[in-house]
Amino acid sequence: MGNAVLYAACGTGFTFLMTVLGAAVVFILKKDLNPKIERAFMGFAAGVMLAASVWSLLIPAMEDARIFSGPDWLPVAAGFAAGGIFLFAMDRTIVRWFEKMGEERRFFGMKKSTTLLLAAIALHNIPQGMATGLAFLMAVQGSGRQVLAAAVVLALGIGIQNLPEGSAVAMPIRRDGIDRKRAFFISAGAGILEPLCGISVAALGGNAGTIMPWLLAFAAGAMIYVIAEELIPEATGKDNDRFGVFGVMIGFLIMMVLDVALG
């Protein structure tokens, strides 16, 4: 178990570091990123997460579900649905909370729209952290270097998409009139849920054996909910921008190749 926690800490520590580096753009850029570039980054993040959900989460969940005494599909289907419902419930809860506060209330000086963006990003760090922690837990419990390579690829893919994501949060915060240092720390702080969730899941150790298919599918369902509800709409925009579409394709392709080649 100790090794799993250590590996998960390293993996999610890397993804968190990439969020921090992305947030650091507030010290460099004086203007917002070009909207087309932002949409391309969002699309890339969606593609990476979509490929990771399939190859690093759902396929291993289906393989582990074979030892389930009931129908093989039940843990995967139930876990997947639970992940999506959980993210939907959390999303609606946050929205209602801000609606009750009113437009005039500000969180650390941010506008309501910026705060909702920050909350959404922080929320989808939960399944990303879980996915990374579970991948390294499987690597420790499994045999062979291929399982560990798959976990490393997943952490690498999530880290790559966290880089533009950190800037996509930090720049709107800065635009709300908040100083650069404070905008950096707020944006970087949104990523802390990844290592917290990843290490917590990895700490389950051997106790996760029977519920592993459920956990993997849960993380996949939550991630795909984020992709469908937030990332792809942001990537394509109102005009169905092709920059975002190509970003999705490129992100998916790179993550798929890494998973298949190394995993």
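Reply: α5 gives the most to that lining, with 5 residues. A cavity is a set of points on a 1 Å grid over the protein atoms alone where a 1.4 Å probe fits but cannot get out, and lining residues have an atom within 4 Å of a point. Helices are DSSP runs of H or I with at least four residues, strands are runs of E with at least two, and both are numbered from the N terminus.

This is a predicted model: local features need pLDDT of at least 70, side-chain atom pairs count only at pLDDT 80 or more, and totals for chains, interfaces and linings use all residues. Residues are numbered from 1 along each chain as its sequence is written, and side-chain values use heavy atoms, with hydrogens and water left out.

The largest cavity holds about 60 Å³ of space. A volume is the space filled by probe spheres set on the points, which are joined across faces, edges and corners. Its lining counts 10 residues. Closest to the centre are Phe41, Met42, Pro164, Glu165 and Ala168. Two elements give two or more residues each to this lining: α2 and α5. In total, there are 3 cavities of 30 Å³ or more.

Stay with α5, which covers residues 145-175. Leu156 sits in this helix. Its relative accessible area is 34%, so Leu156 is partly exposed. Buried means under 20%, exposed over 50%, and partly exposed in between (1.4 Å probe, protein chains only). Leu156 touches Phe14 and Leu258, leaving out residues up to four places away in sequence. Contact here means heavy atoms within 4.5 Å. Thr12 is 144 residues from Leu156 in sequence, yet their C-alpha atoms are 9.7 Å apart.

Thr132 belongs to α4. At 1% relative accessibility, Thr132 counts as buried. Beyond its sequence neighbours up to four places away, Thr132 touches Gly11, Thr12, Leu154, Ala155 and Ile158.

Now the open space. A pocket is an open set of points with protein on both sides within 12 Å along at least five of seven lines. The largest pocket holds about 640 Å³. It is lined by 29 residues, and the closest to its centre are Met42, Leu117, Ala120, Glu230 and Glu234. Met42 is also among the residues closest to the centre of the largest cavity. Five helices, α2 (35-64), α3, α4, α5 and α8 (212-236), each supply at least two residues of the pocket lining. The largest share, 8 residues, comes from α4.

So what does α4 look like, residue by residue? It runs over residues 112-141, and Ala122 is part of it. Ala122 counts as buried because its relative accessibility is 16%. Ala122 touches Ala190 and Leu193, with residues up to four places away not counted. Ile192 is 70 residues away along the chain, and its C-alpha atom is 8.2 Å from that of Ala122.

Setting aside neighbours within four places in sequence, Leu116 contacts Ile94, Val95 and Phe98.

Next comes α3, at residues 73-101, which holds Asp91. Asp91 is buried but has no salt bridge. That term means a side-chain nitrogen of Lys or Arg within 4 Å of a carboxyl oxygen of Asp or Glu. The nearest side chain of opposite charge is Arg92, 5.1 Å away. Lys and Arg count as positive and Asp and Glu as negative, while His and the chain ends are not counted. Asp91 touches Leu123, Tyr225 and Glu229, with residues up to four places away not counted.

For contrast, take a loop. Ile28 lies between α1 (2-23) and α2. It counts as exposed because its relative accessibility is 67%. Its C-alpha atom is 9.6 Å from that of Arg180, 152 residues away in sequence.

Last, the whole chain. The protein has 9 helices and 0 strands. Of its 263 residues, 48% count as buried. Among contacts between residues at least 6 apart in sequence, 85% join residues at least 24 apart.
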